[in-house]
Amino acid sequence: MDIKIPEQAVNYLINILKAERYLEIGVASGGTYLAVNCKEKVGVDPHPQFEGILKMTSQEFWKTSSEPFDVIFIDGDHSFGVSQGDLLNALNFIHAKSYILLHDTNPEDVTYTISGGRADGLYTGEVYKTVMWAKQNPALDYITLDMPFGMTVVKLAKNPNLLKEEPDYSFDNFAKERDFWLNLKSSTSETLDKFVKDQKEEKCKKISKR
Ligand SMILES: C[S@@+](CC[C@H](N)C(=O)[O-])C[C@H]1O[C@@H](n2cnc3c(N)ncnc32)[C@H](O)[C@@H]1O
């Protein structure tokens, strides 16, 4: 099955993981949040557009405490600093088998990365830099679904392509080796199945080695 929009990726993951707790950072009008089927949902947005959403920034939310979430969708402030902080802080709100999704990680060209950079108002911000940064984390593995604007899916696993040095975060450097930075994969349910299955197999191998 092709995955074309965020709610499809989120719902597919929730389904195969049998996830029960979902967190969305940056909810806006609820295009994704309201379409997500999960037992418990928490939404965070400083400008909520409907009831039931926590009226606060993610930075404020990360100072609170909560039971771990099974799936976290990060789609709030798209600056490098805040999206990087969101990914880092989200790691304290998950368990070993949780997944974190980051939206807007694959800007087509530099105009999408600049606030007010386009006449059509489309803006992905600098979330792609957060993915480049994650390549230096030995405990994170990720793929990016090749859907419009890109959706990176992160899991806790040994990083197979660990980067030893701080990268050059310029858009030119990113665009030169987009596939390398994002680990781009076709945006399908089969891709997600494989990414989840690989983690399960890795865990089984570790257990059988003991
Ligand atoms: C791109 S929209 C979210 C779209 C939504 N996730 C969807 O899929 O339909 C970004 C939202 O992030 C919110 N936002 C901006 N800064 C934020 C922050 N620091 N923490 C949480 N949300 C933030 C904005 O108010 C806006 O509603």
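**View 1. Contacts of I100.** Apart from neighbours within four places in sequence, I100 is in contact with I72, I74, L87, A90, I94 and V154; contact means that the C-beta atoms of two residues, placed from the backbone, lie within 7 Å. The model is predicted: local features need pLDDT of at least 70, side-chain atom pairs count only at pLDDT 80 or more, and totals for chains, interfaces and linings use all residues. Residues are numbered from 1 along each chain as its sequence is written.

**View 2. The largest nonpolar core.** This core has 42 residues, and V71, I72, I74, I100, L101 and V153 touch the most other members. A nonpolar core is a set of buried Ala, Val, Leu, Ile, Met, Phe, Trp, Tyr and Cys residues joined through C-beta atoms within 7 Å. A residue is buried if 20 or more other C-beta atoms lie within 10 Å of its own.

**View 3. Y99 in strand β4.** Y99 belongs to β4, a strand being a DSSP run of E with at least two residues, numbered from the N terminus. Y99 counts as buried because it has 26 C-beta neighbours inside 10 Å. Its C-alpha atom is separated by 5.0 Å from that of V71, 28 residues apart along the chain. Leaving aside neighbours within four places in sequence, Y99 contacts L13, V71, V153, V154 and K155.

**View 4. Helix α3.** In α3 (residues 80–90), a helix being a DSSP run of H or I with at least four residues, V82, S83, D86, L87 and A90 are buried. These residues lie on the same side of α3, because they cover an arc of only 135° around the axis, taken from the directions from the helix axis to the C-beta atoms. Their cover includes β1, α2, β3 (69–74), β4 (94–103) and α4 (127–134).

Notes:
A residue is buried if 20 or more other C-beta atoms lie within 10 Å of its own, exposed if 12 or fewer, and partly exposed in between; C-beta atoms are placed from the backbone.
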